Amino acid sequence: MFDDSKTKTVLQVEDLKMHFPLIKGLMRRRVGTVKAVDGVSMTVQQGETVALVGESGCGKSTLGRTILRAYEPTAGHIHYNPRGSDNVVDLAGLNNNEMQKYRPDLRMIFQDPFTSLNPRLPVVDIISEPLRANKIAEGVEAKDRVADIMRKVGLRPEYMERYPHAFSGGERQRIVIARALVTNPHIVVADEAVSALDVSVRAQTLNLLQDLQDELDLTYLFVSHDLSVVEHIADRIAVMYVGRLVEFARAEDLFRRPLHPYTEALFSAIPIPHPKLRGKQHRVQLPGDVADPANPPSGCPFHPRCAYARDICKKEVPELAETGSGRTVSCHRADELALKGVL
Amino acid sequence: MADASAYVKTNAEIQVYDDDVRAEDVAGQWQLMWWRFKRHKVAVIAGICVLFIYLVGIFAEFLSPMDPNDHHTRYTYAPPQNVDLFHDGQWLPHVKGYQVEIDQFTLRRTFVTDEEKIIPIGLFVKGDEYKMWGLIPWDRHLIGPLNPRDPFYLWGADRLGRDMLSRVIHGARVSMSIGLVGVAISLVLGIILGGISGYFGGWIDNAIQRIIEFLKSIPTIPLWMGLAAAIPLTWEPLYVYFAITVLISLIGWTGLAREVRGKVISMKGDDFVIAARLDGLRTNKIITRHLVPSFLSHIIAQTTLAIPDMILSETALSFLGIGLQPPIVSWGVLLKEAQNINAVATAPWLMIPGLAVVFAVLTLNFLGDGMRDAADPYSHH
Amino acid sequence: MTKTPVLEIRDLQTHFGAREGLIKAVDGVSMTVNRGETLAVVGESGCGKSITAWSVMNLVPKPGKIVGGSINLYDRNGGSVDIAALDPKSAEMRAIRGARVAMIFQEPMTSLSPVHTIGNQIVEMIRLHQPVTKKEAEAQAVRMLDRVGIPKPTERMAAYPFQMSGGMRQRVVIAMALSCNADLLIADEPTTALDVTTQANILELMKELQAEHHTSMILITHDLGVVAEVADEVAVMYLGRAVEQTDVFTLFDHAQHPYSRALLGSIPELGKTRGQRLTAIRGMIPHPLNRPLGCTFNTRCPMAIKGACDAVEPDLIQTGPHHHTRCLAYQNGYTHHFDKKPEGAMRPSETIGGRAHV
Ligand SMILES: Nc1ncnc2c1ncn2[C@@H]1O[C@H](COP(=O)(O)OP(=O)(O)OP(=O)(O)O)[C@@H](O)[C@H]1O
Ligand SMILES: Nc1ncnc2c1ncn2[C@@H]1O[C@H](COP(=O)(O)OP(=O)(O)OP(=O)(O)O)[C@@H](O)[C@H]1O
Ligand code: SF4
Ligand SMILES: [Mg+2]
Ligand SMILES: [Mg+2]
C-alpha cells in the first residue's frame with residue numbers, strides 16, 4: 001500500500017468521515033447531522049509538517065481529533081504505520097482497547113493552555129499521566145522522564161511539584177507540549193498550539209516545536225488558522241472547506257500559485273506585515289458566510305461564494321484529484337483557471 | 001539582519017524564572033479552597049457554630065444534666081432557673097429551689113423561686129447513670145446539682161417534668177445526624193447515578209432522568225405521609241429513625257444527581273478530560289481522577305446547603321406526628337409536644353427547640369454559602 | 001501636512017486596588033491621536049491596552065480608578081476638555097460618550113442586547129445622538145446596514161443578534177458605532193475573534209467608513225499585520241507604559257525601542273522566515289504586581305545595562321520629528337553606556353521591496 005521511496009508514509013487517511021448528530025430541544029431529538037469531516041483523504045510522510053487550514057468551523061479540529069481517535073469515526077480508514085515496523089494498522093477499525101496500544105504514539109497538543117490542564121493536579125502528575133496510564137513507566141522512572149522532557153521544553157524540572165496556576169500562559173503551553181511528547185510519540189497533532197499565545201511567546205514556542213521536531217523525529221499535523229504561522233512552519237498544507245479538503249499541496253506551491261478559488265481567496269486575506277505593501281495586495285472578497293456543515297450546498301460546497309462557478313459546480317461534487325501538473329485539488333475548473341498567489 | 005541576531009535566543013536562555021517558591025505555587029485545590037474560605041469571616045464563625053452543635057450532639061449524654069426521659073411529676077412545667085455564682089459574698093455556684101403556689105380561684109399551680117433553698121451546683125458532677133454512645137457506662141455530667149435529687153432545670157421542664165436542656169441536647173444528636181446521614185445517602189446516590197447519567201448518556205441517562213422526574217413529580221408531604229404510615233408501629237425506635245432518614249434522602253438525591261449530571265456533561269467535553277482520554281486513561285479512572293475532584297467541592301458545598309432542608313423535613317414530619325415518635329427525642333418531636341398546650345403563653349421555654357432549629361439552619365446556610373464561594377479556587381483565572 | 005491632535009493622553013495612570021495588592025494596569029501612558037488618523041495600540045496581553053481605552057471612555061471597571069495624568073479631547077475649534085478630570089457619572093461625560101467618543105469591542109455581544117432586534121438597537125442609538133424622527137432613524141439604520149455590507153438590510157432589521165454570524169454581528173456593531181458620528185472611535189480588537197477572510201473585509205470597511213466620516217480612530221490589536229494595513233501612527237505598550245510612538249512606516253523600518261524591535265522580529269513573515277528561527281524575546285511578561293524596577297523591560301531586554309536599566313526609569317524622549325521612545329539608550333546622560341547604538345532597522349526595507357508578489 002505504501003510506496004517504498006525514501007520518505008515513509010506514516011499516515012494514510014482514506015475517505016474519513018466524522019458526522020455528529022445535531023440534537024435540539026427538550027426532548028433531545030435528532031434533527032440533523034453535522035458533517036464536520038466528510039470524506040477526507042490525505043497522506044502524511046515521516047518527519048514532515050502538514051498544516052490544516054480553513055475558516056472557523058470547517059472541521060480542522062475534528063479531523064485532527066478523529067485521526068487520534070478521540071472520536072469514533074463514522075466511516076473511512078486511518079492507516080497508520082508504527083515506528084520501526086512494516087505493519088500497517090487501520091486505527092479507524094480498532095476498538096477502544098486495541099487503540100490503547102497506539103495512544104502513546106499519536107499525541108495531541110491542545111490550543112488552550114488553561115482549559116487543557118487539570119488545575120487540581122501538580123505538573124508532574126499531569127505530564128506523567130500517559131506514562132502511568134499506558135504502563136510505560138512508573139514511580140522514579142516516570143519522574144526522571146518527566147524531568148527530562150521538562151528540560152527539553154525549557155521548563156525547570158525543579159518546578160514539577162507546582163500546580164498549573166503557578167505558571168504563565170507560555171509556560172503552561174510548554175507543559176501541554178511536554179505532556180504530548182513525554183511518551184516519545186510518532187505523530188503529534190498540534191491543534192492551534194500557538195494561537196492562544198502572545199506574539200513574543202508564540203515565537204519561542206514555534207522555535208521550540210521546530211527544534212523538538214528535528215531532535216525527536218516528529219511528524220506534525222499542525223492545525224491553525226494563522227496563515228503566516230502556517231507558511232512559516234508547514235511543509236505541506238491541506239486547505240479545508242466545510243468538512244472537505246479542497247486542496248493539498250506543498251506550502252510554496254500553494255502560496256505561489258493556488259489552484260482552488262477558495263485557497264486564493266483565503267490566502268489573499270492574510271494581512272501583510274509591512275505598511276509599504278499596503279493596498280498593493282490583490283484581495284479576493286468572499287461574499288456571504290461559510291456554508292453550514294449541517295446543511296452543505298449541493299455540488300461544490302464552495303460554489304455559492306465562488307467567483308468562477310459554472311453550472312456544473314452547482315450540480316456535481318468535484319473529486320479531490322491530481323491535476324495535469326501533478327497537484328491535488330478539488331475543483332471542476334482547476335486546469336483552466338490561473339489564480340494569483342501571495343508570494 | 002546581523003542586528004537581529006542579538007535577539008535570537010536558544011531555549012536554554014529563554015528560561016527566566018523567579019526562584020522563590022511561593023506557597024500557593026505548590027498548593028493543591030483543598031489548600032487553596034481553605035485559604036479562600038478563611039477570608040469569609042461570617043462563614044468561619046458559622047462553621048465554628050456548626051461544629052459546636054455537632055459536638056453537643058456527639059457528647060449529648062455527658063453534656064446533658066439529666067436523662068432526657070426522666071420525669072418528675074412534682075416539677076411539671078417548672079420554669080427555668082438562674083445560675084448564681086455567689087452566695088452572701090462567698091463563692092458558691094447555685095440555683096434556687098421551687099415553691100409551689102396554688103391560685104385560690106383558678107386552682108392553677110404556679111412555681112415561684114424559693115429564695116431560701118440553695119441548690120449548689122458543680123462541674124463534672126455525679127448524676128444519672130448512662131451509657132456513653134450506648135457503650136461506655138458512666139455517671140458524670142458536665143454540669144449538674146451536687147445532690148442529684150435536687151431539681152435542676154436551666155431551660156425549664158416540660159409536661160412530665162423532664163429537663164428541657166437535656167432534651168434539646170439529645171434532640172440535637174438525632175436531628176443533626178438525620179441531616180448528615182440523609183445527606184450522605186443522597187450524596188452517594190446523587191454522585192453515582194448523576195455521574196453515570198452524565199458520562200454515558202444514551203438510554204441509561206434517559207432511564208435515570210425519567211426516574212428523577214417521576215420522584216420529583218410526586219408531592220413530597222403526601223409521599224412522606226404515605227410512606228411513614230407504612231412503617232410498622234412495632235418497629236424499634238432506631239429502625240424508625242433509619243427508615244425516616246432514608247425516606248428523606250430519597251427525595252434529596254434527585255437534585256444532587258441533576259447537579260452532578262450537568263457538571264459531568266459540561267466537563268466531558270473539556271479539553272483536560274479529552275486530554276486524559278488521549279493519555280490512555282480508562283473511563284473509571286477519568287471519572288475518579290479528573291471528574292470527581294473537579295466537582296466534589298461544589299457538591300460538598302451544595303450538600304451543606306441541603307442539610308438544613310433535611311433537618312427541616314424531619315422537624316416537619318415529626319411535628320405532624322408522622323416522623324419520629326417518643327421516646328426518641330428530636331427537635332421535631334419536642335416541638336410537637338409544644339403543640340399540646342398554649343405553650344407560648346404558659347411555658348414559652350417549650351419553644352426552645354424551635355430556636356435550636358433556627359440556629360442550626362442559619363449557621364449551616366452561612367457555612368454552606370462560604371463553602372460555595374470557596375469551592376472554585378481557580379475562578380479568577 | 002500639519003497634524004492636529006484630537007486626543008492627547010499624558011502620563012495616564014489607572015490603578016486597580018485588588019485584594020492581592022495595587023495593580024498598576026496603566027502607569028504612565030502618553031499617546032496622541034491626530035484628527036482623521038488611525039492610531040494603532042499594540043502590545044502583549046495584559047499590558048493595559050483595554051484599560052487605556054476604558055480610561056478614555058471614563059468607564060474604568062470597578063476596583064479600577066484613574067489616579068493621575070490627563071486625557072485631553074479637542075474639538076474642531078481647538079477647545080479641549082480633560083476627560084480624566086470629569087466625574088464618570090456626570091452629564092458632561094455622558095454627553096461625550098457616544099457623541100464624541102464611541103467604542104467597538106472584541107466580542108460584539110458586549111454591545112448588543114440579545115433580546116432586541118438589531119434594527120431596534122441601531123434606531124435607538126441614532127435617536128440618542130441625533131434629533132430625528134423614528135421614521136428617519138429607521139431609514140438611516142437601513143442605509144447604515146447596507147453600507148456595512150449586510151445583505152437584505154431591510155429584512156435584517158428584524159433579526160436578533162443570535163441569528164447572525166460573528167462577522168455579521170461585528171458589522172452591526174460597527175454600524176452602530178458609526179451612526180453616532182463620533183469624532184473618535186476606539187476599536188478594541190475588533191477583528192481578533194474573526195476569520196482572516198472576514199477580518200480583511202471588516203478592516204477594509206472600517207478604512208472606507210473612516211475616510212468617509214473623517215473619524216479618528218484608536219485601533220487596539222496585537223496583530224502587527226493588521227497594524228501594517230490600517231494604521232497611520234503606532235503606539236507600542238509594555239506593562240502599562242507606552243514605550244514608543246511614531247508613524248507606521250518609521251516603526252516598521254526604524255523602530256527604536258528594543259521591545260518594539262523584538263516584537264517585529266518575532267512575527268513570521270510570508271516568504272521570508274520559512275525554515276528559519278524566529279527572533280523570540282526571552283522570558284515571560286512579569287506579573288503586574290511584580291513590576292521590575294527601572295525600565296520595565298529590563299528583565300527581558302537584550303541591551304539592558306546593569307546598574308542603569310534596572311535602576312533608572314527612562315522618560316519618554318522625543319527622538320525625531322514624530323518619534324517618541326522610552327529607553328535609556330536615547331536619554332541624555334545614558335547614551336554612552338550603550339556602545340552599540342540600537343539604530344538601524346530590524347528589517348531593512350530593501351529586502352522587502354524585492355518581494356515576488358508586488
Ligand atoms: N462534539 C461535537 N458535537 C457536535 N458537533 C460538533 C462537535 N465537534 C465539532 N462539531 C461541529 O463540527 C464543525 C467543525 O468543528 P471543528 O471544531 O472541527 O472546526 P474547526 O475548523 O476546528 O474550527 P475552529 O477554527 O473554530 O477551531 C462545527 O460546525 C462544529 O459545530
Ligand atoms: N477588574 C480588574 N481588576 C484587577 N486588575 C485588572 C482588572 N482589569 C484588568 N486588570 C489588570 O490590568 C492589566 C491590564 O489589562 P488590560 O485588559 O488593559 O490588558 P490588555 O492589554 O487589553 O490585554 P489583552 O490583549 O489580553 O486584551 C492586567 O494586568 C490585568 O491584570
Ligand atoms: S469547483 Fe467551481 S465552485 Fe468550486 S471552487 Fe472550483 S470553480 Fe469554484
Ligand atoms: Mg478548532
Ligand atoms: Mg484587552
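Predicted model: local features only at pLDDT ≥ 70, side-chain atom pairs only at ≥ 80, totals over all residues.
A backbone N or O atom of Cys58(A) lies 3.3 Å from an oxygen atom of ligand 1. Between chain A and chain C, about 4,300 Å² of area is buried, and the salt bridges over all chains come to 36.

**Ligand 1**

- Two elements of chain A, strand S2 (29-45) and helix H1 (60-67), each contribute two or more residues to the shell around ligand 1.
- H1(A) supplies three residues, which is the largest share of this shell.
- The shell around ligand 1 holds 13 residues, and those that come nearest are Ser56(A), Gly57(A), Lys60(A), Ser61(A) and Thr62(A).
- By class, the residues around ligand 1 comprise five nonpolar, five polar and three charged.

**Ligand 2**

- Ligand 2 is surrounded by 14 residues, of which Ser45(C), Gly46(C), Lys49(C), Ser50(C) and Ile51(C) are the closest.
- The side chain of Ser50(C) has an N or O atom 2.6 Å from an oxygen atom of ligand 2.
- Ligand 2 has 640 Å² of accessible area when taken on its own, and the protein covers 70% of it.
- In chain C, strand S2 (21-34) and helix H1 (49-57) are the elements that give two or more residues to the shell around ligand 2.
- The largest share of that shell comes from H1(C), with three residues.
- The shell around ligand 2 is made up of seven nonpolar, four polar and three charged residues.

**Ligand 3**

- Among the residues that surround ligand 3 are the cysteines Cys300(A), Cys306(A), Cys313(A) and Cys331(A), together with the histidines His260(A), His303(A) and His332(A).
- Pro261(A), Phe302(A), Tyr308(A) and Ala309(A) also belong to the surroundings of ligand 3.
- The shell around ligand 3 has eight nonpolar and three polar residues, and no charged residues.

**Interface between chain A and chain C**

- The interface brings 46 residues of chain A into contact with 52 residues of chain C.
- Interface size is often expressed as the accessible area lost when the parts come together.
- For chain A and chain C the buried area is about 4,300 Å², and carbon and sulfur atoms give 58% of it.
- There are four salt bridges between chain A and chain C.
- Lys276(A) forms a salt bridge with Asp253(C), with the closest N and O atoms 2.9 Å apart.
- Polar contacts join 16 residue pairs between chain A and chain C, with both residues at pLDDT 80 or more.
- On the side of chain A that touches chain C, at least two residues come from each of helix H5 (169-181), helix H6 (199-216), helix H7 (227-233), helix H8 (251-256) and helix H9 (261-268).
- H6(A) provides nine residues, the largest share of this side of chain A.
- The residues on this side of chain A divide into 21 nonpolar, twelve polar and 13 charged.

**Salt bridges across the model**

- Side chains of opposite charge can pair when their charged atoms come close.
- Over all chains, the count comes to 36 salt bridges.
- One salt bridge is formed by the side chains of Arg107(A) and Asp279(B), at 2.7 Å from N to O.
- This pair crosses between chains: Arg107(A) is in strand S6 (residues 106-109) of chain A, whereas Asp279(B) is in the loop between helix H9 (271-278) and helix H10 (283-319) of chain B.

Definitions and conventions
Residues numbered from 1 in each chain as written. Chains lettered and ligands numbered in written order. Heavy atoms only, no water. Near = heavy atom within 4 Å. Polar contact = N/O pair within 3.5 Å; in protein donor to acceptor, adjacent residues only side chain to side chain. Helix = DSSP H or I, 4+ residues; strand = E, 2+ residues; numbered from the N terminus. Nonpolar A, V, L, I, M, F, W, Y, C, P; charged D, E, K, R; others polar. Contact = heavy atoms within 4.5 Å. Buried area = accessible area lost by both parts, 1.4 Å probe. Areas by Shrake-Rupley, 256 points an atom, 1.4 Å probe, with all protein chains shown as cover.
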